[in-house]
Amino acid sequence: MVAIEVNGLTKDYGNVRAIESLSFAVEDGEVFGFLGPNGAGKSTTIRTLMGFQSPTDGGATVLGHDITDQSAMIEAKRQVGYIPAEMGFDEGVTGKRFLRYQASLKGDTRSEELLELFDPPMDREIGEYSTGNKRKLAVVLAFMHDPDLVIMDEPTSGLDPLMQERFYEFIRGEQAKGTTFFFSSHILSEVQKICDRVGVIRNGHLVELEDVETLLERGGKRVSVHVAESVEAGAFAIEGAHDVSVTGDEQSAQPTAADGSGDDPSTESEDAPSGGRDGTSVSFTYTGDYNALLSHLIGYDVLDLDIEDAPLEDVFMRFYGEVDPDREPSTVGRQANV
Amino acid sequence: MFEVARYESERKLVLGATIAIAASFYGAMFVALSPAYSNFDIEAIFSDFPQQFTEGFGLAAFNTLPGLLAVELYQFGWILVLGLYLAYTAAGLVAGDIETGRMDTLLPAPISRMRLVGEEFLSMLVPILAVNAITPIVLYVGSVLIDEPLDVTNLVALHALAVPYLLCCAAVGFALSVFLANESLAQNASVGVLVVAFLVETVFIGTDLEFLGVLTPMNYFDPTEILVNANYDLAGAGILLAAAVVLVLAGQWRFGRMDIQ
């Protein structure tokens with residue numbers, strides 16, 4: 001069974017077309033990331049799937065229920081958890097009171113356990129909550145009735161890194177128990193960490209639908225090579241190499257690409273047994289044929305070689321960069337550090 | 001059933017208590033002042049006043065406690081101030097919840113939209129019932145203290161008949177809150193609509209346009225008639241209640257179909 005099936009979903013706001021002919025399916029038990037820059041149509045899709053607004057054209061089902069059929073959606077919502085982008089909880093009541101209200105509407109089988117994991121200050125009025133605390137409360141509210149499907153609109157914004165990790169771990173645990181996740185994000189590392197599949201949306205169109213692995217594969221490898229001889233700037237302009245950076249001094253060998261990831265390949269190249277010898281560091285993203293790369297490298301005295309998956313940020317950046325270079329890369333680059 | 005109404009009512013308890021206490025103090029003030037009003041020639045004073053004024057504000061029995069209360073407390077306090085205030089509050093119910101994103105925290109719950117906003121409207125009964133239950137008790141006790149006890153039946157009838165009137169005012173705000181989907185616009189519009197209605201009902205008295213008054217809620221609730229002449233307009237109350245129901249149903253119907261953005 002599919003948890004969410006979207007068929008030609010289109011939504012206009014007056015003259016503005018927010019999403020156009022989206023079609024995809026989220027399988028039972030998978031974690032599906034819905035990726036795109038701000039304003040791409042992620043929230044519109046989610047709000048339409050939740051039945052908050054009706055599609056202009058096309059349709060979708062959530063847990064087998066037609067999203068345009070309100071009574072069917074009431075049934076669906078018994079099994080759906082939702083984390084909204086904006087958490088407009090009642091400011092004047094305590095977290096405890098609001099939880100009790102939500103429990104009376106949709107049931108509560110596990111809030112105690114959730115409150116131990118994410119501990120928002122339940123005795124305080126929600127108006128005094130920080131964004132992070134509101135987010136924690138939203139997580140508790142979304143999972144308290146033990147839903148089969150959880151739809152989340154940028155769920156980790158406002159959570160501190162420690163809490164984010166706890167949340168990812170929690171999602172993995174829930175997935176192991178069979179829960180399906182559909183969530184929007186513009187944080188690529190997050191998607192890389194927890195998603196099975198990714199849909200990439202931009203300007204209201206679904207531009208890519210891939211396994212995270214396939215996306216990384218398509219994104220190629222991050223190659224860092226340290227060679228003994230000096231290298232001409234154009235020497236690595238081989239087919240399939242992108243963003244080539246050549247640095248003469250190994251101490252300053254840092255890749256110029258904004259990959260934003262923690263495990264920087266250049267750190268490892270510094271462990272090379274080069275014994276202070278002069279050399280050249282070259283790094284680039286490679287999407288071409290491996291044999292061609294190896295035959296090219298054979299011409300050098302290779303001191304160190306590191307090949308690893310390109311960070312999704314790079315993949316994504318090139319992906320967007322090709323289409324709309326003046327806007328997307330900055331957005332992606334900034335968000336990647338969140 | 002009624003989980004929403006229960007929760008929303010609880011949130012309006014403070015509002016209800018505040019209004020009831022304020023209205024009680026305001027009413028008690030007129031009870032205390034009333035002995036000073038009883039010794040003047042009302043005919044002589046009001047004979048030169050325009051008919052719109054004397055009739056519109058029910059000044060005929062100004063020199064008695066019921067007459068004084070009917071004008072100062074009910075014509076002014078209930079029909080205008082409370083009516084406008086409840087309409088204003090109700091106008092924030094839906095439009096405000098959409099604007100603050102609060103609606104996004106309620107719509108994921110497995111209940112119908114019609115029920116959600118219908119029960120939210122029902123919670124308006126808390127301030128309406130609170131003010132109409134507490135004020136008459138305070139007024140009656142006050143009137144006994146000054147040895148001029150109010151007629152209990154009239155007093156109870158007045159506050160019972162005030163409920164449909166105030167519900168109708170709140171329903172105007174509620175309907176506008178759904179159809180306008182912008183909180184401040186809905187609030188201003190509901191106050192505007194009721195002020196215009198009040199003016200239509202008052203200013204056109206004795207003119208060819210007096211018939212337009214039938215379109216206003218104020219036409220169906222006359223405190224002076226109830227308190228001074230013991231005339232209870234039950235049909236009027238029925239009309240107000242029916243109008244409130246129609247407005248709420250229209251609001252629910254619209255809310256059930258609209259996009260929440």
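Me: What are the helix and strand percentages over residues 4-228 of chain A, and how far apart are the end C-alpha atoms?

Reply: This is a predicted model, in which local features need pLDDT of at least 70, side-chain atom pairs count only at pLDDT 80 or more, and totals for chains, interfaces and linings use all residues. Residues are numbered from 1 along each chain as its sequence is written, with chains lettered from A and ligands numbered from 1 in the order in which they are written. Residues 4-228 of chain A are 35% helix and 31% strand, and the end C-alpha atoms are 54 Å apart. Helices (H or I, at least four residues) and strands (E, at least two) are DSSP runs, numbered from the N terminus. UniProt, in an unreviewed entry, lists this span as "domain: ABC transporter"; its positions are given in the numbering used here, feature names are shortened, and annotations may be inferred rather than shown by experiment. Chain A has 12 helices and 14 strands.

Me: Why is E154(A) called buried?

Reply: A residue is buried if 20 or more other C-beta atoms lie within 10 Å of its own, exposed if 12 or fewer, and partly exposed in between, with C-beta atoms placed from the backbone. E154(A) has 22 other C-beta atoms within 10 Å, so it is buried. Its loop runs between β7 (149-153) and α6 (161-176) of chain A. E154(A) also has a positive phi of about 50° although it is not a glycine. Most residues other than glycine have a negative phi. Of the 338 residues of chain A, 43% count as buried.

Me: What makes D147(B) count as buried or exposed?

Reply: D147(B) has 7 C-beta neighbours inside 10 Å, and therefore counts as exposed. Its phi is near 60°, a positive value in a residue other than glycine. D147(B) is placed in the loop between α8 (125-145) and α9 (152-180) of chain B.

Me: How do you know on which side of α2(A) the buried residues lie?

Reply: The buried residues of helix α2 (residues 70-77) of chain A are M73(A), A76(A) and K77(A). They cover an arc of only 95° around the axis, so they are on the same side of α2(A); the arc is that of the directions from the helix axis to the C-beta atoms. They pack against β4 (57-62), β5 (65-66) and β6 (80-83) of chain A.

Me: Which residues make the contact between α1(B) and α7(B)?

Reply: Helix α1 (residues 3-11) and helix α7 (residues 113-122) of chain B pack at an angle of about 35°, with their axes 8 Å apart. Axes are lines fitted to C-alpha atoms, for helices over the stretch in contact, and angles run from 0 to 180 degrees between N-to-C directions. V4(B), A5(B) and E8(B) of α1(B) meet R115(B), L116(B), E119(B), E120(B) and L122(B) of α7(B). Two residues are in contact if their C-beta atoms, placed from the backbone, lie within 7 Å.

Me: How many residues of chain B are in contact with chain A?

Reply: 18 residues of chain B are in contact with 23 residues of chain A. On the chain B side, α1 and α6 (102-106) are the elements that give two or more residues.

Me: What is the helix content of residues 234-255 of chain B?

Reply: Residues 234-255 of chain B are 100% helix and 0% strand, with end C-alpha atoms 31 Å apart. Residues 193-214 of chain B are 50% helix and 0% strand, with end C-alpha atoms 15 Å apart. The unreviewed UniProt entry includes both spans under "transmembrane region".
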